[in-house]
Amino acid sequence: MSDIQSFRQAVESFISARGWTPTRFGRIVAGDPLFVFDLREGREPRSETRTRILKAMAELGDTDTQAPLRVGVAGLGNVGATLVRILQKDSAELTRKLGRQLEVVAVAARSRSRDRGIDISGLEWFDDPVALAKWDGIDLFVELIGGEDGPAFASVKAALEIGRPVVTANKALLAKHGVTLAHLAEESGAQLGFEAAVAGGIPVIKTLREGLGTARIAKVFGIMNGTCNYILTRMGNEGISFADCLKDAQALGYAEADPTFDVEGFDTAHKLSILSTLCFGYEIAPEKIRVEGVSSITQHDIQVAAELGYKIKLLGIAERTESGIEQRVHPTFVPKGSAIAGVDGVMNAIALETDHVHELLLAGPGAGGPPTASSVLSDILDIARGTRVPPLGVPSAELLPYREAPHRAHEGGFYIRLSAKDVPGALAAIATRMGEKSISIDSVIQRSDLSAKAIAPDGSPARTVVMITQQTLESSVREALAQIADDGFIVGEPQLIRIEKL
């Protein structure tokens, strides 16, 4: 066997024994990512090059084989159990890709006896997640408990304080304590990953922290809650009520027994506050978001939206303005031809408007065990590779104090649905109040097929009236509606939905 043949065999044996890729060998040992590919195609390196590489291979010996990354998982619900299953089932493939074994060695949960479809018999069990977070037997702590305080916050804080890297999917925790936790991570040198906290399997956090370079983001918006999107999609496609759609969502596991957090917009608000900080460099401020849910949406709203060329989506929207940051969560009329309108069912989508790439749309499954566990695993792999970025995009000390933008005229106008008394002068009085607030009405829809059954306290029948306004201030619309209610010409609460120009 010639020297070059012997060299080629030594290289291939080295790669095979360690499960390395040719690119990795080229980068680490040869100093050229294409070295092995060129070698396989017949390139014959000079003798001094072969000598240098053989020496490097000998010096590496077994020292390049890193100890396994020992992972502790707190919370064995759908996401936690799925993550453990993936790490156990795909262990060999993950080791091949990473060059280092990932090993779940310990878990914490409320019930030891519950059947989760995974084998935890060989794992260390902790009743207290804080004790797991501090245990010397793990190298990385994964928090999948949930909740903004309690054991979730205590365990993550405990891990970061001792310099232990953390991965979490907990958007409520980050919305409330994100700046504090980022500061702890930076002080102790620990990494903090939370890709799974926003939009499930969509890599939006990684995109914002690492993928856009110096692009300046002007606006972020999107569908961030699969439960609401599922309900609104079925209402539009099948003509059924909100209540019936919600029952189905609960039966399918898309909605909780108490769906308030989802359907009233709070889940979206938490996610939006995290995205807003990453996009604009301001402190997280979920309490500054104007939040409205979808529980008041009826088939009348769905029907009129369709006739006007729109769909209704629950959007989270954050925008940079000259006077501060505007954040809002609410049902929205979006044009049927827009990309966001085509995102249906339990899917999520995040749109970014930047100066370099203009509009970027990221869409995919926003919840569920496999998509969310996949995002958790992505963070674990980054940490194992040594990837280091500030948790919130910039050092926490450089985050700006949150500055809320004042109310502005809404460019797309508003959809207003109300039950007006069917008496002479009612519609004229309503139009007069709108005019007094300088609100221009683009169209008025009053049809028998849209009429909801309503009776005023004085016994007067009521009819459904729909108005579409031109660009105007939301505060002006709400003031006008309050005066109309005081005049006694409407029954119940008016429905107000923004129309977005996307």
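The protein chain is divided into domain 1 (3-65), domain 2 (204-365) and domain 3 (411-499), with bounds that come from an automatic or database domain assignment. The model is predicted, so that local features need pLDDT of at least 70 and side-chain atom pairs count only at pLDDT 80 or more, while totals for chains, interfaces and linings use all residues. Residues are numbered from 1 along each chain as its sequence is written, and side-chain values use heavy atoms, with hydrogens and water left out.

Between domain 2 and domain 3, the C-alpha centres lie 26 Å apart, and the contact (heavy atoms within 4.5 Å) takes 17 residues from domain 2 and 18 residues from domain 3. The area buried between these two domains is about 1400 Å², of which carbon and sulfur atoms give 55%; buried area is here the accessible area (1.4 Å probe) that two parts lose on being put together, summed over both. On the side of domain 2, His300, Val304 and Phe333 supply 38% of the area buried against domain 3, more than any other three residues.

Two helix pairs were also examined, helices being DSSP runs (H or I, at least four residues) numbered from the N terminus. Axes are lines fitted to C-alpha atoms over the stretch in contact, and angles run from 0 to 180 degrees between N-to-C directions. The axes of helix α5 (residues 78-89) and helix α16 (residues 369-385) come within 8 Å and cross at roughly 60°. The two helices α5 and α16 are therefore oblique to each other, a class left over once angles under 35 degrees are counted as roughly parallel, over 145 as roughly antiparallel and 65 to 115 as roughly perpendicular. The contact is made by Asn78, Val79, Thr82, Leu83, Ile86 and Leu87 of α5, together with Gly369, Pro370, Thr372, Ala373, Val376, Leu377 and Ile380 of α16. By class, this contact of α5 with α16 has nine nonpolar, four polar and no charged residues, where Ala, Val, Leu, Ile, Met, Phe, Trp, Tyr, Cys and Pro count as nonpolar, Asp, Glu, Lys and Arg as charged, and the others, Gly among them, as polar.

Helix α8 (residues 150-161) and helix α9 (residues 171-188) pack at an angle of about 15°, with their axes 9 Å apart, and α8 and α9 are therefore roughly parallel to each other. The contact of α8 with α9 has eight nonpolar, two polar and two charged residues.
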